[in-house]
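Good morning, colleagues. May I ask you to turn to the chain on the screen while I describe how its parts are arranged.

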Amino acid sequence: MAHQIIHCDELSDPAGVFVQATRVPAGSDVIHVSGLTSRNKDGSTYAPHDVKKQTRHILGNLKKILAEAGATLEDVAKVTVYITNMDDFKAIHEIRAEYFTTTKPASAMVEVSRLVHDDMVIEIEAIAYVQAK
């Protein structure tokens, strides 16, 4: 189920792997995914301080959570990304491009002073949707 991409030619194109806005079809079931950090199943940090590995790990876990809800990354309408260093913007988007290959979500990226553990450098939350049952 594809969301509609909204693009205003009067604005600059997005600087990363996202779109200006999305419209979700009426009657869709909305899935709110809590902020995901780079945690192993035992709670330890996966790839401490490595933004590329952490991003890949988080997006892989996002795919798993969405699958539980009958959704895919194609169904993600919006992500919010919290990072500890805005200099990682390009590296993060290199990894995002591997996962959001067809349909890109709307996005916000915010630099924060720290995350739940000092060795975590990125957190991603998502809003997705599927056709209502």
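This is a predicted model: local features need pLDDT of at least 70, side-chain atom pairs count only at pLDDT 80 or more; totals for chains, interfaces and linings use all residues.

Residues are numbered from 1 along each chain as its sequence is written, and side-chain values use heavy atoms, with hydrogens and water left out.

Helices (H or I, at least four residues) and strands (E, at least two) are DSSP runs, numbered from the N terminus. Two strands pair if DSSP finds at least two bridges between them.

The open sheet consists of 4 strands in the order S3-S6-S4-S5, with mixed pairing. At its edges lie strand S3 (28-36) and S5, each pairing on one side only.

S6 runs antiparallel to S4, and 7 bridges join them. Val-81 stands opposite Ile-124 in S6, and Tyr-82 has Glu-123 in S6 as its bridge partner. S3 also pairs with S6 in the antiparallel sense, over 7 bridges; there, Ser-28 stands opposite Gln-131 in S6.

Finally, helix H2 (residues 89-99) has buried residues, among them Ile-92, Ile-95 and Tyr-99. Their cover includes helix H1 (51-68), strand S4 (76-83), strand S5 (106-111) and strand S6 (122-131), where contact means heavy atoms within 4.5 Å.

Definitions and conventions
Buried means under 20% relative accessible area, exposed over 50%, partly exposed in between (1.4 Å probe, protein chains only).
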